[in-house]
Each structure stands twice: as C-alpha cells, then as structure tokens.
Amino acid sequence: DAGIFQHIGWLITHGGQLYVDAWEPKLPLPFETTALLSLLSGGDMYLYQLLNITLMALASVGSIVLVALLTHHITHNEVASVLAGSSLLLLPGYLIRPAYGFKAKYMLLFFGLLAIYMILNEHPILSGAAAAMSVGSYQLGVIFPLVVVGLAWHRWGPRATEKVVVTG
C-alpha cells in the first residue's frame with residue numbers, strides 16, 4: 001500500500017488525476033496527503049520517503065498518546081492510562097510498519113481517536129473535522145463520526161451535534 005499511495009501522490013504532483021490516470025478504490029485523503037509530501041520534498045525521492053515515514057511515526061506515537069489521554073479522561077488513573085497507551089505496542093509490527101512508508105490505517109486511527117478526544121473535551125468543531133479526516137483516510141473510519149455524533153447528542157444535545165455534523 002505504501003508504494004501505491006506514495007506513487008499516486010507523486011503522480012498527482014506531476015499532473016496526474018486521481019481516479020483518471022491512476023485508479024485505486026481508496027478514498028482521496030491519503031493520496032492528497034502523499035501529494036502534499038511530494039511537493040514538500042521538491043522531487044527528492046529520499047526526502048519524500050523520509051517525510052512519509054516521519055508522518056507515519058508521528059501518527060503512530062500520536063495514537064498511543066491519545067489512547068492514554070482518553071483512558072485518563074475516563075478512569076483518572078495514571079497507571080491505567082500508561083498501560084492502555086502502551087498496549088498498542090503489543091500489536092505485532094505496530095512500530096515497524098511506519099518505516100515502510102505511508103499507511104492510511106495509521107491516519108484513520110489517529111484522526112478517529114483525536115475526534116473522540118476533542119468531543120470529550122468540548123471541541124465539537126474540531127471533533128467533526130477530525131472525524132471527517134478519519135473517514136477520508138480509510139473506509140472503516142465511518143465508525144468515528146457515528147461515535148462522535150452520538151457523544152455530542154448525549155452530552156450536549158442537538159446544538160453540539162449540529163456543529164459536529166456541519167464541520168464534518
């Protein structure tokens with residue numbers, strides 16, 4: 001997947017059109033992200049790969065931090081928070097896979113967890129945007145807008161829910 005995402009991102013920066021010159025049934029956000037990284041690299045393929053790896057490493061670590069923060073928000077227990085965040089490290093290859101390049105599922109997880117964190121901290125607009133980015137990263141991200149809308153409705157009613165939906 002990393003090669004496909006990164007090649008299509010590079011192709012877009014050289015005049016190619018997604019779903020016309022390169023067909024891939026995935027959603028557009030990963031390709032737009034890799035296209036932006038391709039632009040930032042200035043055509044240097046080594047730097048392009050390094051930027052993709054760095055972004056995936058940041059998303060990976062960010063997800064660990066968000067799991068810990070969400071656990072702390074719910075339990076108010078520092079030990080449980082550290083253990084919950086660290087539990088992602090038990091998944092085989094969780095820290096290794098980002099070294100291969102862009103992985104859409106890391107962005108899905110990061111933005112989805114960020115959406116939940118934002119709604120729990122009373123930021124419905126940011127939550128809606130993060131939930132939309134989760135879905136835009138990978139189809140399975142559809143669960144996060146549903147969770148965030150449900151939380152907004154449950155905690156603050158239709159006004160906050162409207163902000164989440166409109167932003168998303």
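Residues are numbered from 1 along each chain as its sequence is written, and side-chain values use heavy atoms, with hydrogens and water left out. In this predicted model, local features need pLDDT of at least 70 and side-chain atom pairs count only at pLDDT 80 or more, while totals for chains, interfaces and linings use all residues.

**Stop 1: the salt bridges**

Select K26 and D1. Their side chains form a salt bridge of 3.6 Å, N to O; the term denotes a side-chain nitrogen of Lys or Arg within 4 Å of a carboxyl oxygen of Asp or Glu. The pair joins distant parts of the chain, 25 residues apart: K26 lies in the loop between α1 (2-13) and α2 (29-41), and D1 in the segment before α1. Helices here are DSSP runs of H or I with at least four residues, numbered from the N terminus.

Colour by accessibility next. K26 counts as buried because its relative accessibility is 16%, whereas D1, at 47%, is partly exposed. Buried means under 20% relative accessible area, exposed over 50%, and partly exposed in between, with a 1.4 Å probe and protein chains only.

**Stop 2: helix α3**

Select residues 45-75, helix α3. The helix has 31 residues and reaches 45 Å from its first C-alpha to its last, close to the 45 Å expected at 1.5 Å a residue; the expected span is 1.5 Å times one less than the number of residues.

At the N-terminal end, display D44, which caps α3 through a side-chain oxygen 3.0 Å from the backbone nitrogen of Y46. Following α3 is H76, with a positive phi near 60°.

Within α3, select N52. N52 is buried because its relative accessibility is 0%. Leaving aside residues up to four places away in sequence, N52 touches Q6, T34, L37, G101 and F102, where contact means heavy atoms within 4.5 Å.

**Stop 3: the largest pocket**

The largest pocket holds about 220 Å³ of space. Helix α5 (residues 104-120) gives the most to the lining, with five residues.

A pocket is an open set of points on a 1 Å grid over the protein atoms alone, where a 1.4 Å probe fits, with protein on both sides within 12 Å along at least five of seven lines; lining residues have an atom within 4 Å of a point.

Note on methods: Helices (H or I, at least four residues) and strands (E, at least two) are DSSP runs, numbered from the N terminus. A polar contact is a pair of N or O atoms within 3.5 Å; within protein, one must be able to donate a hydrogen and the other to accept it, and residues adjacent in sequence count only if both atoms are side-chain atoms. Grid points are joined across faces, edges and corners, and a volume is the space filled by probe spheres set on the points.
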